[in-house]
Amino acid sequence: MKKQSNLSRLMGYAGKHRYLTYSSWILSAVSAWLALIPFWYIWKIIKEVLDVMPDFDKAQNLIHNGWLAVLFSVIAVLVYISALMCSHLSAFRVATNLRMETIHHIAKLPLGFTESFGSGKLRKIVNESSAATETYLAHQLPDKAGAIATPIGLLVLLFAFDWRLGLLSLVPVVLGFLIMMSMTGAKMRQKMTEYQNALADMSNEAVEYVRGIPVVKTFGQTVFSFRRFKESIDRYSTWAIAYTKDLRLPMMFYTTAINGVFAFLIAAGLLFTRNGVTDEFLLNLIFYIIITPVISVTLTKIMFQSENEMIVDDALQRIDSVLDLHPLSETSSPKYPADGSVELRNVTFSYDGKTDVLKDISLDIKSGQTVAFVGPSGGGKSTLANIITRFFDPRSGSVLIGGVDVKDIPKEKLMDFVSFVFQNSRLIKGSILENVRLGRPNASREEVMQALKSAQCMDIIEKFPYGVDTVIGTKGVYLSGGEQQRIAIARTILKNSPIIILDEATAFADPDNESRIQAAFTELAKGRTVIMIAHRLTTVANADRIFVLDNGRIVQSGTGSELKGTDGIFRKMWNDYQTSVNWKVAKEA
């Protein structure tokens, strides 16, 4: 099957607006031809001056021809503006539709996709890649039509007066074009891909760096703590310097060639005037000297058009890298969970298809139980929670909620059935009421207030003059990390899901907020299945069951008292934790 060209594909997003794109090409070409007409009148002005010199009073048409040159210049500009208006209307529609399709597709992908893909890289694809198509359609394609039309008009002018000078004027054009081809071939396309990759890496690492600033300030670290961010900048710098050096000589020869037309014309003037200078030849030589700079400008436009086409091709490939990802399968025979129980049967999972981060895990959580996942960092705790909520599908094995395989539960129902509280819960710019109501948009004001009360948030509400209608975020008030967590818990309480997942939800809370959050958790856990992930072992000591994960496997399970009395990872972690809690700063004698 023949691959659809990038332009055809973009026109598919334009709908009926594609005719505006076609119109912009025609108008741009007409503008390019109109822009050459003033040169004709300049030629007539020069001719009249040479004819009457030195008695310039006899020149009768200088002003007339000058105004006509100005008139056609203005008309050319107005036609070009009309071309850009048409192209922009179409380009905006294409970029909008492309963004909408990408966003709608992302919404269908599993929630773990954003984490694995990288939010910074994803943002760059959605915003900048679509913006590249906008620039291409709005400016570069009309300019390309003008750049193609201009040489056609120039050929007529170049050969209309003196074919010998016209032919010599084309020699540097041919040289420049050959050099340009050496710079814009397959090697250039590969370099453009490397360039976009380097920018994407920097964008992704920059986002992660900004998100980590609170940690940097908390622990007094420097920017060099974020080695990946610095390395991404260094890689880009190394690439840019090497690429610039590679193109240094070709670009020097190209610039010399396209601007060397004067040398050819001067040589021709010396050659053709060995037997004397005629007024006609002098007129044509002056005219060619005036008009030939248009050649270098046009050729440079064509060169940059080749580069711009590569940028658009790379942008569409990056968008396709998202659009080609398949959403998780949806069943044609939906089933619904009977309760809040969770069961995993021989679950194995790998992010890259090579290294398993979960290995043959089986566990059973009864409805209404509170369980905890603990273990060393990197053991697979958060990944296991992501599998339960179907952020990803396991490579093998099955996950059941309420006795039903999660693959048979409709996505919307599954999201209604499970709620999350993360260590860095997100609040939107809006009122506290609106943030809590995200859990259940149709909830009444009274229900929201009850959820806030259950989440121990009344002290937050009472300290603001506008209470629950207080706007938080930009141009509003700012809440501490612990206060944001309690608002997020209120949102989860309002949602009233049978299963709650708490992922390090008290990690950054101060002692006062932590005690309030723990009280909110107690309220939240009533009648629900709760899965907790924590490093602070005191927060999970009273769980009905604790699963200890290490290297992708469940190595221990039991109650807190059982595990503390048994040799193993949990006992060591508990002893280490108690030791750290009892540390005291020695006073100087």
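Author: The model is a predicted one. The protein chain has an accessible surface of about 31,000 Å², and carbon and sulfur atoms account for 59% of that area. Of its 589 residues, 44% are buried, and the chain contains 21 helices and twelve strands. Where contacts join residues at least 6 apart in sequence, 77% of them link residues at least 24 apart.

The residue selected here is threonine 529, which is found in strand β10, a strand spanning residues 529–533. Threonine 529 counts as buried because its relative accessibility is 0%, the cut-off for that class being under 20%. Leaving aside residues up to four places away in sequence, threonine 529 touches Gly340 and Ser341, the run Ile365, Lys366, Ser367, Gly368 and Gln369, and also Pro498, Ile499 and Ile500. For glycine 368 there is a polar approach as well: its backbone nitrogen lies 2.9 Å from a polar atom of the threonine 529 side chain.

One of the residues touched, Ile365, belongs to β2 (356–365), and this strand is part of an open, antiparallel sheet of four strands in the order β2-β1-β4-β5. Both β2 and β5 (404–405) are edge strands with a single partner each, so one side of each has no neighbour in the sheet. Further into this order, β1 (residues 342–350) and β4 (residues 396–401) pair in the antiparallel sense over five bridges. In that pairing, arginine 345 stands opposite serine 398 of β4.

Terms used:
Residues numbered from 1 in each chain as written. Predicted model: local features only at pLDDT ≥ 70, side-chain atom pairs only at ≥ 80, totals over all residues. Heavy atoms only, no water. Helix = DSSP H or I, 4+ residues; strand = E, 2+ residues; numbered from the N terminus. Buried < 20%, exposed > 50% of the residue type's maximum accessible area, 1.4 Å probe, protein only. Contact = heavy atoms within 4.5 Å. Areas by Shrake-Rupley, 256 points an atom, 1.4 Å probe, with all protein chains shown as cover. Pairing = 2+ DSSP bridges. Polar contact = N/O pair within 3.5 Å; in protein donor to acceptor, adjacent residues only side chain to side chain.
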